[in-house]
Amino acid sequence: MAIGHCKDVENGEIVINGLEDLEEPFIQKEGKVVSYQDEDDDDQENNGGSVGMVLLSTFVAVCASFEFGSCVGYSAPTQSAVRDDLHLSLAEFSTFGSILTIGAMLGAITSGRIADIVGRKGAMRISACFCITGWLAVYFSNGSLLLDIGRFFTGYGIGVFSYVVPIFIAEIAPRNLRGLLTTLNQLLIVTGSSVAYIIGSIIPWRILALTGLVPCILLLVGLCFVPESPRWLAKVGLDKEFQVALRKLRGKDADITREAAEIQVYIHTLRSLPKASIRDLFKSTYIRSVIIGVSLMVLQQFVGINGIGFYTSETFVQAGLSSGKLGTILYACVQVPITVVGAFLMDKSGRRPLIMISAAGTFLGCFLAGTSFFLKGQNMFLDWVPVLAVGGILIYIAFFSIGFGAVPWVIMSEIFPINIKGVAGSLVVLVNWSGAWAVSYTFNFLMSWSSSGTFFIYSAFSVITVLFVAKFVPETKGKTLEQIQASINKS
């Protein structure tokens with residue numbers, strides 16, 4: 001899934017999983033840095049400490065990430081079975097597949113307020129309950145209504161998860177582990193969807209719905225044994241609980257004095273920053289950053305990831321395979337290792353080269369898949385049609401996973417100044433989920449219109465992405481916010 005975001009750890013503002021804004025323990029305001037320690041102090045801070053509770057807490061939290069992936073991956077291997085058993089039309093199944101994104105959109109919009117009111121753990125519990133209710137509705141459904149209600153509920157749950165999981169991990173992790181641990185969120189999302197693809201090709205669709213309960217149950221049980229986010233406790237004024245939670249996370253022998261003081265100063269500083277409105281985004285200072293951010297989100301969705309990913313199995317069948325199971329399993333097996341490779345390349349190759357290579361690869365994959373359907377329509381080289389279709393889609397998901405899935409979110413965390421990050425991030429998230437709904441809903445209709453044309457359209461958006469990034473998107477790797485803003489406004 002292309003959507004994975006979180007918000008600023010103290011101020012409810014959008015930042016992306018494990019990125020620079022979350023890795024920095026200070027805020028720059030009027031040229032002054034608020035900080036009690038530098039990187040060398042990290043080692044001193046953790047002397048005598050333990051990361052055991054941090055690792056346990058992260059493991060519990062990423063159960064929600066796995067659940068996210070399970071929800072996203074559910075429709076791909078079950079399309080034909082659900083339609084046959086419940087006698088759904090193409091439009092009804094398209095609604096079922098895409099309504100997840102509408103629920104997720106609402107969940108993402110309300111997630112910040114929920115997590116601020118009931119805490120990070122409370123928000124995860126609420127989300128798990130929504131997902132459990134949704135899966136049970138899917139399991140017991142005998143028609144499209146209950147099926148859609150269940151899908152909507154799971155969508156709302158993962159929409160909240162998409163905020164609260166990475167923010168929880170970022171808030172509990174020591175700085176030297178923060179980047180590593182927050183990347184587990186995206187990895188477990190991909191793993192969850194891949195597992196859903198694989199086991200969904202083997203077991204009935206109702207049983208697959210019940211497997212979605214397992215991560216939720218593990219999450220609800222695990223949350224009983226891990227502390228609340230210390231930063232949230234400090235933010236709401238629970239100072240005693242804040243100290244206890246931080247002590248549990250760092251170990252009984254760790255010196256938490258400096259970190260506790262720094263968190264308090266950081267929260268105070270964030271509260272003093274001016275609040276931005278949606279109108280501020282259209283000021284000349286920020287408009288270029290907004291255009292870049294919104295455009296990348298539109299392009300990320302309109303290369304077709306949620307259409308291709310949601311309906312993979314049926315696409316392979318239309319290409320001439322006797323069953324879509326093998327292709328779906330191969331699709332799942334490609335995602336996880338390539339996502340890991342992409343995570344390592346991001347800070348080595350830079351953002352621009354990685355997303356341009358990724359977009360070029362999605363163009364190639366879509367072009368090959370489109371060509372296969374064109375040949376099928378012309379009754380030419382029919383023996384090669386399934387090979388080209390499977391090969392094209394596997395190339396597509398491999399190149400998407402290596403860069404296009406994560407890099408736009410990374411860039412988002414780096415191009416917006418902190419005072420507008422909340423409102424700008426909210427706009428970007430809304431655009432992304434809206435694009436996800438549009439693509440997932442229209443995919444089956446486009447395929448009915450022209451299978452080859454559908455993939456050629458997606459390949460055209462891939463070419464547009466390469467040209468747009470080459471012309472307008474600055475390289476952000478290793479640059480300060482001031483340098484990034486200067487390069488954006490100069491372009």
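Mentor: Gladly! Helices (H or I, at least four residues) and strands (E, at least two) are DSSP runs, numbered from the N terminus. With that naming, N379 sits in the loop between α17 (351-377) and α18 (385-404). The model is predicted, so local features need pLDDT of at least 70 and side-chain atom pairs pLDDT 80 or more, while totals for chains, interfaces and linings use all residues. Residues are numbered from 1 along each chain as its sequence is written, and side-chain values use heavy atoms, leaving out hydrogens and water.

Trainee: Why does N379 count as exposed?

Mentor: Exposed means over 50% relative accessible area, buried under 20%, and partly exposed in between (1.4 Å probe, protein chains only). N379 has 62% relative accessibility, so N379 counts as exposed.

Trainee: Why is α13 called roughly antiparallel to α21?

Mentor: Axes are lines fitted to C-alpha atoms, for helices over the stretch in contact, and angles run from 0 to 180 degrees between N-to-C directions. The axes of α13 (residues 287-302) and α21 (residues 451-472) cross at roughly 155° and come within 9 Å. Angles under 35 degrees count as roughly parallel, over 145 as roughly antiparallel, 65 to 115 as roughly perpendicular and the rest as oblique. Therefore α13 is roughly antiparallel to α21.
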